[in-house]
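Biologist: I'd like to learn how to read a few features of a fold. Could you walk me through them?

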Amino acid sequence: MLGLTVAVPGLVDPDGVVELAANLGWRQVDLRKSLLGALGDPAYPLLVENDANLAVLAEQRFGGHAGTADLVYLAGGAGIGAGIISDGRLLRGSRGFAGEFGHLPIAPSGGPLCDCGRHGCTDALAGLGALIRRALPEAAVSPAEFGPHVDEIHRLAKAGDPAVLAALATTGRHLGHGISILTNLINPEYVALGGYFTVLAPWLIPDAERELLARSVAGDAGGTRIVASALDSSAAAAGGATHVLDAIDAGALPTP
Ligand SMILES: [Zn+2]
């Protein structure tokens with residue numbers, strides 16, 4: 001056993017305290033401490049980390065553009081979390097809360113209500129919930145049930161359903177708007193669409209790239225390209241293993 005890493009879809013501080021995981025209903029949960037207690041203070045390193053931060057580590061090590069020093073992974077799930085590698089380093093911010101892509105405001109004024117209580121966030125316009133409401137207006141949307149709805153949208157998109165294609169184009173445009181903010185700030189080389197976005201990427205990317213090009217100050221969007229992640233829904237778990245492997249690569253050999 002070389003280490004244990006737990007991925008959480010939420011804000012995780014450097015001590016492994018989950019400050020907020022809205023979709024799990026968690027607030028101020030000292031997860032690392034609980035796990036250490038439950039496991040009897042194991043000798044191996046135990047880390048609690050944001051799921052998108054772990055996924056981008058896996059994307060950088062195993063993905064289609066492995067080794068890229070400026071890479072963003074967008075986790076399309078209940079919200080849109082971003083794992084950001086800039087100049088070769090994972091960008092966490094001062095207390096570990098960087099990468100809340102889903103709460104960038106992209107509506108010029110007002111905009112639909114977001115789960116965070118604010119209006120016009122990227123989540124509320126480009127998230128899976130918004131896409132499902134647009135593409136399948138009859139469907140009841142609950143984060144626990146995104147999978148079957150995404151499968152249905154995928155099936156209808158392949159069949160050329162005009163309403164579903166329009167819903168995907170609108171969602172792609174909002175995603176591209178959010179990505180243009182990332183490009184203007186940190187100019188990543190690749191933005192990989194992960195989670196539920198991966199399977200829908202062929203329909204999201206054309207409109208997202210058009211919006212990105214239109215809204216980026218640098219010509220050709222500073223070279224930033226939007227791609228489908230090469231990893232499946234286990235990206236965050238692969239990232240947990242990657243984190244341990246990276247530590248060993250850096251010389252942190254396990255104690256016998
Ligand atoms: Zn929000």
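Biologist: How do the axes of α4 and α6 cross?

Modeller: Axes are lines fitted to C-alpha atoms, for helices over the stretch in contact, and angles run from 0 to 180 degrees between N-to-C directions. Helices (H or I, at least four residues) and strands (E, at least two) are DSSP runs, numbered from the N terminus. Here α4 (residues 128-135) and α6 (residues 162-186) have axes that come within 8 Å and cross at roughly 150°. Angles under 35 degrees count as roughly parallel, over 145 as roughly antiparallel, 65 to 115 as roughly perpendicular and the rest as oblique, so α4 and α6 are roughly antiparallel. Bear in mind that this is a predicted model: local features need pLDDT of at least 70, side-chain atom pairs count only at pLDDT 80 or more, and totals for chains, interfaces and linings use all residues. Residues are numbered from 1 along each chain as its sequence is written, and side-chain values use heavy atoms, with hydrogens and water left out.

Biologist: Which residues make the contact between α4 and α6?

Modeller: Contact means heavy atoms within 4.5 Å. From α4 you get L131, R134 and A135, and from α6 V164, A167, L168, T170, T171 and H174. By class that is five nonpolar, three polar and one charged; Ala, Val, Leu, Ile, Met, Phe, Trp, Tyr, Cys and Pro count as nonpolar, Asp, Glu, Lys and Arg as charged, and the others, Gly among them, as polar.

Biologist: Is the crossing of α2 and α8 left-handed or right-handed?

Modeller: A crossing is left-handed if the near helix is turned anticlockwise from the far one by less than a right angle, and right-handed if clockwise. The α2 and α8 crossing is left-handed, whereas that of α4 and α6 is right-handed. The axes of α2 (residues 51-62) and α8 (residues 235-249) come within 7 Å and cross at roughly 70°, which means α2 is roughly perpendicular to α8. On the α2 side, the residues in contact include L54, L57, A58 and F62, and they meet α8 residues including A238, G239, T242 and L245. The contact of α2 with α8 divides into nine nonpolar, four polar and four charged residues.

Biologist: How many aromatic pairs are there?

Modeller: Rings of Phe, Tyr and Trp (its six-membered ring) pair if their centres lie within 6.5 Å; planes under 30 degrees apart count as stacked, over 60 as edge-to-face and the rest as tilted. The count is one: F146 with Y196, edge-to-face at 6.2 Å centre to centre and 80° between the planes. F146 sits in α5 (residues 146-158) and Y196 in the loop between β9 (190-195) and α7 (197-215), so the pair ties together parts 50 residues apart in sequence.

Biologist: Is F146 buried or exposed?

Modeller: Buried means under 20% relative accessible area, exposed over 50%, partly exposed in between (1.4 Å probe, protein chains only). F146 has 3%, so it is buried, while Y196 is partly exposed at 31%. G83, in strand β7 (residues 80-86), is buried too, at 0%. Its contacts, leaving out residues up to four places away in sequence, are A52, N53, V56, L71, V72 and Y73.

Biologist: What is the phi of D41?

Modeller: Most residues other than glycine have a negative phi. D41 has a positive one, near 45°; D41 is in the loop between α1 (31-38) and β5 (46-50) and is exposed at 60%. D220 also has a positive phi, of about 55°. D220 is in the loop between α7 and β10 (225-228), partly exposed at 47%.
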